[in-house]
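Subject: Structure handover

Hi,

As promised, here is the structure for you to look at. My notes on what turned up follow just below it.

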Amino acid sequence: MNSSALIIETRSEQDATVVALRGSAGMTEAEILQATFDELLATGRGSVVVDLSGLEFLSSNGLGVLIRAHQALRDRGGRLSLAAARQPVDRLLSITRIRDLIPVHKNVSDAVTAFGAGSA
Amino acid sequence: MKVPGHFGVRDDDLETLVVPNDLRHAKSAEDQILEQIGSCCYEPDEVFAIKLALEEALTNAVKHGNRNDPGKQISIRFYIDDNRVIIMVRDQGPGFVPEQVPDPTAEENLERPNGRGLMLMHAYMTSVQYNEAGNEVWMLKEKR
């Protein structure tokens, strides 16, 4: 729990970009996460799923980055979804009501499918 | 301010850390505290809660209290045993009025990328108490 490492891997699934997070997205890692989304936005990616299955910790700093990414994508006609959160992170998404702002799915596959359904 | 009476420990029992006002040093203090908590018998969700509240308090101190001023410091006091964790974080800023912080879960505030720290401290800790000036927060987590 006291590991500060955040590992970010990006891959494509169908028409979506999947950003997989592993480790901790807290006060010292939020900058790294922000830089990843800045880069993604610069390349014009439209549909992004954040795979939270490997994320052990998330603070309001990390949440702020996700909210800004959601807003930036929406402003460009894109979309952000969250997927596969573990129990503590999932609870955080509920307490903060982030799931009322950003779609949250059980797994990445569901999130990618929902993008397809949304654009049909 | 001394440790609140209902937290159940004596002021002399607390350890003290003072770190420069930046997130890296704050993180180092956090790691030190979490390492001690790791040697007790807290459940993973309790450790998550304590880490979250501590990070929120430290972030508030660095960014809002001390306004990212590298010439300032943060004081941290803590007490850990198998039944409770007590943490105090104090900055050198003018303080604030907690009651005036907007509710981040209100519909009109959901889009705000910040302003959730105080709410999260309250949601995850057993007790949260500020000093009168509003630049010192005391948090208690009791083991279930």
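First, a definition you will need: a crossover is called right-handed if, with the strands pointing away from the viewer, the path from the first strand over the helix to the second runs clockwise. Please also keep in mind that this is a predicted model.

With that in hand, chain A has a right-handed β-α-β unit made of strand 3, helix 2 and strand 4. Strand 2, helix 1 and strand 3 of chain A form a right-handed β-α-β unit as well.

Strand 3 of chain A takes part in both pairings described here. Strand 2 (residues 16–25) of chain A runs parallel to strand 3, and eight bridges join them. With strand 4 (residues 79–83) of chain A, strand 3 pairs in the parallel sense over five bridges. You can follow this at A:Val48, which is the bridge partner of A:Thr17 and stands opposite A:Leu80 in strand 4.

How many of the 12 residues of strand 3 of chain A are buried? The count is 10, so this strand (residues 47–58) is largely enclosed by the rest of the structure. Buried here means under 20% relative accessible area.

On to the packing. The largest nonpolar core has 37 residues, and those touching the most other members are A:Leu21, A:Phe37, A:Val50, A:Leu52, A:Leu58, A:Leu80 and A:Leu82. Both chains contribute: among the elements that each supply at least two residues of this core are helix 3 (87–95) of chain A and, from chain B, helix 2 and helix 3. Helix 2 of chain A gives the largest share, seven residues.

A contrasting spot in strand 2 of chain A is A:Arg22. At 42% relative accessibility, A:Arg22 counts as partly exposed.

Best wishes

Key: Residues are numbered from 1 along each chain as its sequence is written. Chains are lettered from A and ligands numbered from 1 in the order in which they are written. This is a predicted model: local features need pLDDT of at least 70, side-chain atom pairs count only at pLDDT 80 or more; totals for chains, interfaces and linings use all residues. Side-chain values use heavy atoms; hydrogens and water are left out. Buried means under 20% relative accessible area, exposed over 50%, partly exposed in between (1.4 Å probe, protein chains only). Helices (H or I, at least four residues) and strands (E, at least two) are DSSP runs, numbered from the N terminus. Two strands pair if DSSP finds at least two bridges between them. A nonpolar core is a set of buried Ala, Val, Leu, Ile, Met, Phe, Trp, Tyr and Cys residues joined through side-chain atoms within 4.5 Å.
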